[in-house]
Amino acid sequence: MTFNDIFKSDFLENIGSVSILDMTLALIPAFGIGLFIFLVYQKTYQGVMYSSSFGVTLIALTMITTVVILAVTSNVVLSLGMVGALSIVRFRTAIKEPLDIAFLFWSIAVGIVLAAGMLPLAVTGSVVIGVILLVFVNRKSSYNPYIIVLQCDGHEAERQAMQYLEARTRRCVVKSKSAQRGAVELNLEVRLRDDNTDFVNTLSGMEGIHSAVLVSYNGDYMG
């Protein structure tokens, strides 16, 4: 076989380069594992707005990657052309949740591994990754940061509110303060001792306190 023979490509010859059995053995597990990734994504999603289309994309991405890698491994010329074609593709959709990136790479990796014929690795790796995500992402912590927006009359009401919060929370730090004539607005970061938020009701009823609002905070948004 010469160097030119390696790079010969003919449409009719490529039809049988990947057998029906190979495609079936790769695509069926790809769909099954992609569905498992989708279910894990549903159980671990903690963002603001859930997108069902992204979950379906994970299934499709797993199967598409499998098809692409099957084609690439069957033809050297096609693999070179595929690299050139994919290098010009640009995606404009922004990834809003950092964990979504992990799910995208998980789907792509499973497609590559399945197309390479490493079915046990794809199944075992997906189960282990899924269990780890379910355990750590869904773990509840009472130490998550919260923001308290406090509106009070003046310095004395502010001092009493700060003393009350320091006694009722694990941590209380002033993030911002806005003062006007006869009114003070505070944004405080607090860490709760437990899941009980009844202290906000007591805080709002204190003399000199107009309102107290408690919101969850993860560094990107409040809500």
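This is a predicted model: local features need pLDDT of at least 70, side-chain atom pairs count only at pLDDT 80 or more; totals for chains, interfaces and linings use all residues.

**Exercise 1. Find out how many helices and strands the chain has, and in what pattern they follow one another.**

Solution. Start by counting: the chain has nine helices and four strands. Next, walk along the sequence, where the pattern reads α-α-α-α-α-α-α-β-α-β-β-α-β. Of the 223 residues in the chain, 28% are buried. Among contacts with a separation of 6 or more, 71% are between residues 24 or more positions apart.

**Exercise 2. Describe how helix α6 and helix α7 are arranged relative to each other.**

Solution. Two packed helices are described by the angle between their axes and the distance between the axes. Step one is to locate the pair: α6 covers residues 98-115 and α7 covers residues 119-137. Step two is to read off the geometry, with axes that come within 9 Å and cross at roughly 165 degrees. Step three is to name the arrangement: because angles over 145 degrees count as roughly antiparallel, α6 is roughly antiparallel to α7. The crossing of the two helices is left-handed.

Step four is to see which residues make the contact. From α6 come Leu99, Phe103, Trp106, Val110, Val113 and Leu114. From α7 come Leu119, Leu121, Ala122, Ser126, Ile129, Gly130, Leu133 and Val137. Sorted by class, the contact of α6 with α7 has 12 nonpolar residues, two polar ones and no charged ones.

**Exercise 3. Work out what kind of aromatic pair Phe103 and Trp106 form.**

Solution. A pair of aromatic rings is described by the distance of the centres and the angle of the planes. The structure holds five aromatic pairs. For Phe103 and Trp106, the distance is 5.9 Å centre to centre, and the planes are 35 degrees apart. Planes under 30 degrees apart would count as stacked and those over 60 as edge-to-face, so the rest are tilted. The pair of Phe103 and Trp106 is therefore tilted.

Now place the pair in its surroundings. Phe103 and Trp106 are three residues apart in helix α6, which means that about one helical turn separates them. Phe103 counts as buried because its relative accessibility is 1%, and Trp106 is also buried, at 6%. Finally, Phe36, Tyr41, Tyr45, Phe54, Phe103 and Trp106 form one aromatic cluster.

**Exercise 4. Is Glu158 buried or exposed?**

Solution. First find Glu158 in helix α8, residues 155-168. Its relative accessibility is 12%, so Glu158 counts as buried. Next, look at what surrounds Glu158. Leaving aside neighbours within four places in sequence, Glu158 is in contact with Cys152, Lys177, Val184 and Leu186. Lastly, consider Gly208, which lies 50 residues from Glu158 along the chain; the C-alpha atoms of the two are separated by 8.3 Å.

Methods: Residues are numbered from 1 along each chain as its sequence is written. Side-chain values use heavy atoms; hydrogens and water are left out. Axes are lines fitted to C-alpha atoms, for helices over the stretch in contact, and angles run from 0 to 180 degrees between N-to-C directions. Angles under 35 degrees count as roughly parallel, over 145 as roughly antiparallel, 65 to 115 as roughly perpendicular and the rest as oblique. A crossing is left-handed if the near helix is turned anticlockwise from the far one by less than a right angle, and right-handed if clockwise. Contact means heavy atoms within 4.5 Å. Ala, Val, Leu, Ile, Met, Phe, Trp, Tyr, Cys and Pro count as nonpolar, Asp, Glu, Lys and Arg as charged, and the others, Gly among them, as polar. Rings of Phe, Tyr and Trp (its six-membered ring) pair if their centres lie within 6.5 Å; planes under 30 degrees apart count as stacked, over 60 as edge-to-face and the rest as tilted. Buried means under 20% relative accessible area, exposed over 50%, partly exposed in between (1.4 Å probe, protein chains only).
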